[in-house]
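Hi,

Here is the model I said I would pass on. Have a look at it first, and then read my notes below.

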Protein chains: 2
Amino acid sequence: MKTRKGEQTRALILETALELFRERGYDDTTMRAIAERAGFALGNAYYYFGSKEHLVQGFYARVHRDQLAACQPVLEKERGLKARLLGVLDAVLITIEPYHRFAGTLFKSAADPQSPLNPFSRESEPVRLESISLFAEVLENSNVKVPSDLKAELPYLLWLYHMGIVLFWIHDNSPGQSRTRRLMELTADLVVKLIKLASSPLMRPLRQTTLRLLATLKE
Amino acid sequence: MKTRKGEQTRALILETALELFRERGYDDTTMRAIAERAGFALGNAYYYFGSKEHLVQGFYARVHRDQLAACQPVLEKERGLKARLLGVLDAVLITIEPYHRFAGTLFKSAADPQSPLNPFSRESEPVRLESISLFAEVLENSNVKVPSDLKAELPYLLWLYHMGIVLFWIHDNSPGQSRTRRLMELTADLVVKLIKLASSPLMRPLRQTTLRLLATLKE
DNA sequence: GTACATTATTGAACATGTTCAAAAACTTTG
DNA sequence: CAAAGTTTTTGAACATGTTCAATAATGTAC
């Protein structure tokens with residue numbers, strides 16, 4: 001039956017939750033507070049979201065949507081790899097910025113291999129794949145040529161790199177997370193140089209060894 | 001006053017906790033169960049350990065002590081860097097093996113920047129510094145020569161590498177965590193080769209750039 | 001040994017995530 | 001529209017981490 005009424009309540013609960021997450025962080029946002037502000041009984045929140053953590057999956061999806069939108073202009077205009085990469089990273093940081101306080105305690109659960117919030121988990125797969133394909137896009141329409149063996153794995157590697165930046169951002173307490181931005185600039189440059197270096201025919205043997213290692217890791 | 005009685009109770013509670021962690025994992029070990037099996041009232045556990053997480057600091061200290069002991073023979077005998085490195089990694093894996101189930105849910109908290117369990121936190125500093133100095137030892141008495149600029153940072157980098165291995169181990173559900181052992185072999189070889197490569201005078205400029213980046217990251 | 005101080009221990013209370021059976025609201029069917 | 005079925009909502013109950021004031025045990029000083 002899945003009526004419109006349900007969808008509305010569901011959306012309202014998620015909105016309220018994100019609002020409270022921004023205001024007080026994860027731990028200090030109680031399920032009771034969410035239910036109360038949304039105007040429902042406690043149990044109702046659990047009808048739509050199986051647990052507090054499931055609310056965070058909603059957060060992921062929401063944030064990814066906003067990131068896509070935020071980096072579109074740059075990806076349409078720019079062709080240089082570094083500029084495109086920075087465009088995406090910039091979009092990511094801008095989108096998650098209001099949630100900095102929230103992100104710390106969130107990553108609690110995210111690091112647990114059993115948790116559905118883990119970026120490598122099956123539950124996170126949809127968002128993860130979408131995110132990886134965004135980096136494929138970054139690469140695809142840039143003016144940098146990479147050999148096909150590397151090209152296949154590079155989007156995933158760039159996604160990993162981007163996760164590293166986000167991890168650093170979480171720990172970054174400098175005003176406005178300025179250190180993360182510095183890191184972003186420095187490493188983006190390095191990453192692009194490294195890609196060009198690794199693409200050289202001279203590097204083929206080392207490149208293939210490394211790619212094989214990577215394949216082993218991914219099962 | 002800090003009498004012997006107190007120390008005994010404290011030790012008993014920690015022992016019981018580790019026992020239960022091994023048996024049922026972290027989440028399924030309730031503070032009540034620990035208190036009950038140790039033969040005390042619930043509140044008493046909190047007299048000695050401020051929270052459930054504080055019990056984990058006890059786990060860290062204990063495990064580090066065992067690791068030191070386990071790798072001592074290899075460090076006294078071997079001089080080759082790869083063998084010494086593998087000796088330590090092997091000791092680490094052997095020591096934490098009974099806690100594999102526990103480690104997953106544990107790293108929940110460990111990833112939270114605010115949590116005292118975070119390996120980078122101030123509370124973890126004592127154990128962290130001891131662990132880093134173990135890698136200094138690995139390097140110091142090996143037969144590999146590294147330039148002094150690199151030598152200063154290398155123990156920390158090796159510690160990071162070792163944390164990466166442990167992180168992989170946590171996620172590794174292959175029987176006996178055999179994939180982690182394969183990864184260990186492969187990467188230890190790579191790491192040693194990389195160290196030798198980075199030590200070459202030709203690599204000085206790139207090495208220094210990278211070290212400067214690292215310094216920036218560490219504040 | 002008695003009085004005092006410190007350390008250990010208890011048990012009850014509280015907050016919060018989660019579950020669930022029952023009630024209410026809504027939709028479909030005849 | 002009434003009956004039957006489905007979705008939504010409620011409120012009370014439960015488990016567990018945590019706190020705290022009260023009590024017991026232990027040590028110290030005279």
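Is B:Asp66 buried, partly exposed or exposed? At 29% relative accessibility, B:Asp66 counts as partly exposed. For that wording, buried means under 20% relative accessible area, exposed means over 50%, and partly exposed is in between, with a 1.4 Å probe and protein chains only.

Before the rest, some housekeeping. This is a predicted model, where local features need pLDDT of at least 70 and side-chain atom pairs count only at pLDDT 80 or more, while totals for chains, interfaces and linings use all residues. Residues are numbered from 1 along each chain as its sequence is written, chains are lettered from A and ligands numbered from 1 in the order in which they are written, and side-chain values use heavy atoms, with hydrogens and water left out.

**Chain A overall**

Chain A has 10 helices and zero strands, so helices here need a rule: helices (H or I, at least four residues) and strands (E, at least two) are DSSP runs, numbered from the N terminus. Along the sequence the pattern reads α-α-α-α-α-α-α-α-α-α. The C-alpha trace of chain A spans about 65 × 40 × 30 Å along its principal axes. Of the 219 residues in chain A, 48% are buried. If you take the contacts in chain A with a separation of 6 or more, 69% of them come from residues 24 or more positions apart; a contact means heavy atoms within 4.5 Å.

The accessible surface of chain A is about 11,600 Å², and 58% of that belongs to carbon and sulfur atoms. Those areas come from the Shrake-Rupley method with a 1.4 Å probe, and for residues only the protein chains shown count as cover.

**Salt bridges**

Back to B:Asp66: its side chain meets that of B:Arg65 in a salt bridge (3.7 Å, N to O). The rule is a side-chain nitrogen of Lys or Arg within 4 Å of a carboxyl oxygen of Asp or Glu. B:Arg65 is exposed, with a relative accessible area of 54%.

How many salt bridges are there over all chains? The count comes to 23. One of them joins B:Arg37 and B:Glu19, with the closest N and O atoms 2.8 Å apart. B:Arg37 sits in helix H2 (residues 31-38) of chain B and B:Glu19 in helix H1 (residues 4-24) of chain B, so this pair ties together parts that are 18 residues apart in sequence. B:Arg37 is partly exposed at 40% relative accessibility, and B:Glu19 is partly exposed at 32%.

Another salt bridge links the side chains of B:Asp90 and B:Arg181 (2.0 Å, N to O). Since B:Asp90 lies in helix H5 (residues 81-96) of chain B and B:Arg181 in helix H9 (residues 178-199) of chain B, the pair ties together parts that are 91 residues apart in sequence. B:Asp90 is partly exposed, with a relative accessible area of 28%, and B:Arg181 is partly exposed too, at 31%.

In chain A, a network of salt bridges links A:Glu15, A:Arg62, A:Arg65 and A:Asp66.

Helix H8 (residues 148-171) of chain A has 24 residues and reaches 36 Å from its first C-alpha to its last, close to the 34 Å expected at 1.5 Å a residue. That expected span is 1.5 Å times one less than the number of residues. Where is the kink in H8(A)? There is one of about 40° at A:Leu154, shortly before the proline A:Pro155. The bend at a residue is the angle between axes fitted to the seven residues ending there and the seven starting there.

A:Gln177, in the loop between H8 and H9 of chain A, has a positive phi of about 50° although it is not a glycine. A:Gln177 is buried, with a relative accessible area of 12%. In chain B, B:Gln177 has a positive phi of about 50° as well, and B:Gln177 counts as buried at 12% relative accessibility.

**A surface patch**

A:Leu190, A:Leu194 and A:Leu197 make a nonpolar surface patch of about 260 Å². Patches are made of residues with over 30% relative accessible area and no salt bridge, with like charges joined within 9 Å and nonpolar side chains (Val, Leu, Ile, Met, Phe, Trp, Tyr) within 5 Å. A:Leu190 is in helix H9 (residues 178-199) of chain A and is partly exposed at 32% relative accessibility.

Cheers
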